[in-house]
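Hello,

Here is the structure we talked about handing over. My notes follow below it.

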Amino acid sequence: MTPFTLRQADEQDQTLNPGMSPDLATTSPQHKKAELTLVSRTTQIKERALSLLFFLCAIVAVLGVVLIFAFVAVKAVPLFKDIGFLNFIAGTKWSVAQSKFGVVPFIVGSLVVTVGALAIGAPLAILTALFLSEVAGPRARAVIRPAVELLAGIPSVVYGFFGVTVIAPVVGRLFGGAGFGPLTAWIVLSIMIVPTIAMLSEDALDSIPMGIREASFAMGATQWQTIYKVVLPAAKIGIIDATILGMGRAIGETMAVLMIVGNAPQMFAGLTKPIATLTSQIVLGMGYASGDFQTALFGMAALLFIISMGLVLTVRLLSRSKREEGQGA
């Protein structure tokens, strides 16, 4: 509606309510209705089109997840019918020649590599986040933060090449063997997950109100006491979320692990003994696999997908519990 029409509406309000002040007249239902009709029909259509576009984008993301899981699950069904799902996930023998496809060695290998990388990388990342958020000055932060972020942009194959040419020879000289195995994978993966955990942990620490720190200082606490007893407990849920996401990064890594883990389909026997993971075995076999071997690889992909969904679900549950605690407080 044009400004002229609005003036007419104001004059009509004054005519119908001669005793009403101009300020009250502008808040009358007739005036509010006139304001609402200021949005043109074309603008309303654009708004609805944008809402529909956003909805379709969200649906595409959901459909993508569902279709990918359905694809790998359908491809794995024939193997589950032949050997049984329990035999697949509980079997300890992997032999393509004998048609034995037990994935326990790969599950154990993935867990060993992931847990070891977290044991090294998570404390390093959390301490880095604490330094950037609570200790570092502007100049130090301006140098260290971009360097940490740059780690996330390095291709995984470069990490793998670094592990093959630098880390593996050192491990081999110190502990014997060729140097390929869980220990080398721990060192490389711990560096790879630092950016994910550090940046998300720093965001969690920065979200803590400054008044909490000031109250701690006012009670006589030192900076380190405030960090340890006040800031860290307040940000623990966000730090746990960051660690779980870092775990997902480690368990889903492929190229770097493929180059340094040894790729031997056997149970974990030591820090310097070659093992294999779910991701490395899928990449090794998918290029030439056929028949039951191919369906077994699809079954491993479905299992890895389920593990990843479990990690995401864990993050969601922790975030929900954090919101509920905040609302209860």
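Some ground rules. This is a predicted model, in which local features need pLDDT of at least 70 and side-chain atom pairs count only at pLDDT 80 or more, while totals for chains, interfaces and linings use all residues. Residues are numbered from 1 along each chain as its sequence is written, and side-chain values use heavy atoms, without hydrogens and water.

Helices

Helix α9 (residues 182-206) packs on helix α12 (residues 236-251) at about 155°, with the axes 8 Å apart. (Helices are DSSP runs of H or I, at least four residues; strands are runs of E, at least two. Axes are lines fitted to C-alpha atoms over the stretch in contact, and angles run from 0 to 180 degrees between N-to-C directions.)

Aromatic rings

There are nine aromatic pairs in the structure (ring centres within 6.5 Å, using the six-membered ring of Trp; planes under 30 degrees apart are stacked, over 60 edge-to-face, the rest tilted). Phe80 and Phe85 are edge-to-face, because their planes stand at 90°, with centres 5.1 Å apart. Phe101 and Phe293 are stacked, at 6.4 Å and 10°. Phe101 is in strand β2 (residues 100-101) and Phe293 in helix α15 (residues 291-328), so this pair ties together parts 192 residues apart in sequence. Trp94, Phe101, Phe106, Tyr288 and Phe293 make up one aromatic cluster.

Regards
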